[in-house]
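Please open the model in your viewer and keep the selection panel at hand. The tour moves from one selection to the next and says what is there at each stop.

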Amino acid sequence: MRVLSGIQPTGRFHWGNYFGAIRQYIELQEVADEAFYFIANLHALTTIRDREQLQKNTLDAAIDLLALGLDPQKATLFVQSDVPEVCELTWLLMTVTPMGLLERCHAYKDKKARGLPADAGLFAYPVLMAADILAYDSDTVPVGEDQLQHIEVCRDLAGSFNAKFGETFVLPRAKIIEGAARVPGTDGEKMSKSYNNTLDIFEEPEILRKKIMRIVTDSRPIHEPKDPETDHLFQLYSLFASPAQREAMAARYRQGGFGYGEVKTALADLAIDYFAEARRRRAELEQKPELVLKILADGAKKARAKAAEVLLRAKKACGVQYCW
Ligand code: ADP
Ligand code: TRP
């Protein structure tokens, strides 16, 4: 199994990113024959236009992933823009990409529907993503459900390139992250940076506790029994609780006679404890930016070697390979 995934450095990672993506990357590094993970800064460039911000976010993302357990001995970690071969591959793929396919892709379609101006970068975003995947002969791409459409585009493009020019690319499969479902935010909607309802992994414990205490709940009286399964606070609690803790809390819900404040306190205790080790590792790594940059440089070197091999194969296949 050759695993690859990318994550955009558009802000600090939140619980949704962890339970919906990062945790699975870390689990897969143990079982994959090879695992490539990168920080998708070229994709982020379609939304972040502030140089310092993008640079800071990219380094922060690398530190976060390492602190959370991504192990450079087991997985190759790099920054997308450090592998220029991918951009060349994007062009080759662009020549077999029907306009209509990209017009149907949701990032572009949604922006257009809201009457916002979209640039060609956003329009071609799925082609760059296809190149990211194909450049490493990846066969397994762990992603959240929101990225499924993009994996289908990648398969389409790889298939039509192969049909026109002969077998060149490995057709990848999405590995939909199970059990991640949808992590709710502080307002009960899907947790997302865009909704300003996130609980961040590396938030200062005391600030995190305050944010948890402010999670929106319904106003049913204390004595009334409540259904745990439909409550977003319970869903959040379940992310961190052991099966026994979860069951005990569910029983409390069904009985009634407790306030949500009690669940919030229990959630804050569990969450702070859950990420304590990662927070400690993060503080250490923050003091050693040169070590993080070295890991990224080594990762990029390894990734480039593979991408160069695939790019050469693709250039030969379509007849654009000449002097080297
Ligand atoms: P955001 O919505 O905050 O901008 P991203 O789109 O950058 O987050 O998310 C990166 C990945 O993290 C997604 O592809 C998805 O797999 C996962 N993810 C994000 N939010 C959630 C959530 N609330 N629940 C489950 N997974 C999530
Ligand atoms: N588009 C993905 C996201 O927003 C990030 C990404 C870029 C990616 N290239 C990729 C994910 C290749 C998987 C494979 O979450």
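Begin with the largest pocket, in which about 1,700 Å³ of space lies, a volume being the space filled by probe spheres set on grid points joined across faces, edges and corners. A pocket here is, on a 1 Å grid over the protein atoms alone, an open set of points where a 1.4 Å probe fits, with protein on both sides within 12 Å along at least five of seven lines, and lining residues have an atom within 4 Å of a point. This is a predicted model, in which local features need pLDDT of at least 70 and side-chain atom pairs count only at pLDDT 80 or more, while totals for chains, interfaces and linings use all residues. Residues are numbered from 1 along each chain as its sequence is written, chains are lettered from A and ligands numbered from 1 in the order in which they are written, and side-chain values use heavy atoms, with hydrogens and water left out.

Select next Gln-8, Tyr-125, Asp-146, Gln-147 and Lys-190, which lie nearest the centre of this pocket among its 49 lining residues. Strand S1 (2-7) and helix H1 (15-31) are among the elements that each supply at least two residues of the lining; helices (H or I, at least four residues) and strands (E, at least two) are DSSP runs, numbered from the N terminus.

Now turn to the largest nonpolar core, where Trp-15, Tyr-37, Leu-68 and Leu-267 touch the most other members of its 57 residues. Such a core is a set of buried Ala, Val, Leu, Ile, Met, Phe, Trp, Tyr and Cys residues joined through side-chain atoms within 4.5 Å, and buried means under 20% relative accessible area, exposed over 50% and partly exposed in between (1.4 Å probe, protein chains only). Helix H1 gives the largest share of this core, eight residues. Apart from it lies another core, of 42 residues, including Leu-4 and Met-129.

Stay on H1 and pick Glu-30, which is found in that helix and, because its relative accessibility is 48%, counts as partly exposed.

Select helix H10 (residues 232-240), where seven of the nine residues are buried; these buried residues pack against H1, helix H11 (243-255) and H12, contact meaning heavy atoms within 4.5 Å.

Finish at helix H13 (residues 276-286), whose buried residues are Ala-278, Arg-279, Arg-282 and Leu-285. Seen down the axis of H13, they fall within an arc of 125 degrees and so line one face of the helix, the arc being that of the directions from the helix axis to the C-beta atoms.
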